[in-house]
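Let's take a quick tour of this one. Keep the 3D view open and follow along.

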Amino acid sequence: MKMSTRVLLVFVVSVISSSCIGVLGGNLFDDLHCTWGNGRSKILNNGQLLNVMLDKVSGSGFESNDKYLFARIDMQIKLVAGNSAGTVTAFFLSSQGKGHDEIDFEFLGNVSGQPYTVHTNVFCDGEGKREQQFHLWFDPTADFHKYSILWSPHHIVWLVDETPIREYKNMESKGIPFPKDQAMKLYSSLWNADDWATRGGLIKTDWSKAPFKASFKEFRAEKYKCDWSRGYASCSPPSKSIFSFWTSPDVLFKSLTNGAMGKLNWVKNNYMIYNYCKDWKRFPNGLPKECQYSN
């Protein structure tokens, strides 16, 4: 999977072509700004809606105004409808630089009537290769759905409409890297990746269907409260109301409840289509170390 191509696209193209069309004063303007696409990113409805578009000339994208070091990020997204083969709608946290950390949601388009592929990944100090992929149990193009990344000192959780689909635990005590030292911004983009996105690149983008559009609304970011003099382990979430899938409010929100674990296993059993921890062909010399403890 060519994740480095997308990262380079976001960080380099944003410098070359930054523009955002809209009327100042809406809440999305308070938190986000368009970074590239020469006007293909548009904030509308007094800041209540953000569209990104892709045509044969260019894609487009936006990023958060703020950086986060442990947070929960929520956004309502409606994905490209119809024949979206070859397109990727990305929604991810990332730091900058060669040894960057990153937490990915990427939505890989497909031909009409086929399911989207939800691609997740974690980069630690520039190293990824921790992909899990899923199909969804609904049509993500028919309406908006909430996609969330929760990044705490203890684990990372990906959620769809409050259903956890993946958990990546902090296992540094076992010598496994975990992103915890680099603040990240939120980035999002719609771009062409028909060299790999749909059936490994076998199905190309149908430009007669362009322009392609994905829509975003209701951005929310909840930062953890951290006493950095005591280290990152002192961090606690800012609000209990958004952690309904956690244990009792007296703990530091380190674990999923039994009910949430049941939902996570339901997703794995019914909708997971790729797990790097099962890919012996890709790792002939042995699976990554974390696969011994979590799959």
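Start with Asp125, which sits in the loop between β8 (117–123) and β9 (132–134); helices (H or I, at least four residues) and strands (E, at least two) are DSSP runs, numbered from the N terminus. This is a predicted model, where local features need pLDDT of at least 70, side-chain atom pairs count only at pLDDT 80 or more, and totals for chains, interfaces and linings use all residues. Residues are numbered from 1 along each chain as its sequence is written, and side-chain values use heavy atoms, leaving out hydrogens and water.

- Asp125 isn't a glycine, yet it has a positive phi of about 55°.
- Asp125 counts as exposed because its relative accessible area is 60% (buried is under 20%, exposed over 50%, partly exposed in between, with a 1.4 Å probe and protein chains only).
- Glu218 is not a glycine either, and has a positive phi of about 55°.
- You'll find Glu218 in strand β14, and at 49% relative accessibility it is partly exposed.
- Going from Ala210 to Pro211, the peptide bond is cis, with omega near 5°.
- Pro211 belongs to the loop between β13 (185–192) and β14.

**Aromatic rings**

- There are 15 aromatic pairs here (rings of Phe, Tyr and Trp, using its six-membered ring, pair if their centres lie within 6.5 Å; planes under 30 degrees apart are stacked, over 60 edge-to-face, the rest tilted).
- Phe62 and Phe216 make an edge-to-face pair, because their planes are at 80°, with ring centres 5.0 Å apart.
- That pair ties together distant parts of the chain: Phe62 is in strand β4 (residues 60–64) and Phe216 in strand β14 (residues 212–223), 154 residues apart.
- Phe62 is buried at 1% relative accessibility, and Phe216 is buried at 0%.
- Trp191 and Trp196 form a tilted pair, 6.5 Å centre to centre with 50° between the planes.
- Trp191 is buried at 4% relative accessible area, and Trp196 is buried at 7%.
- One aromatic cluster is made up of Phe70, Trp151, Trp228 and Tyr232.

**Charges over rings**

- Arg166 lies over the face of Trp158, 4.8 Å from the ring centre (the rule: NZ of Lys or CZ of Arg within 6 Å of the ring centre and within 35 degrees of the ring normal).
- Lys174 has its charged end over the ring of Tyr293, at 4.7 Å from the centre.
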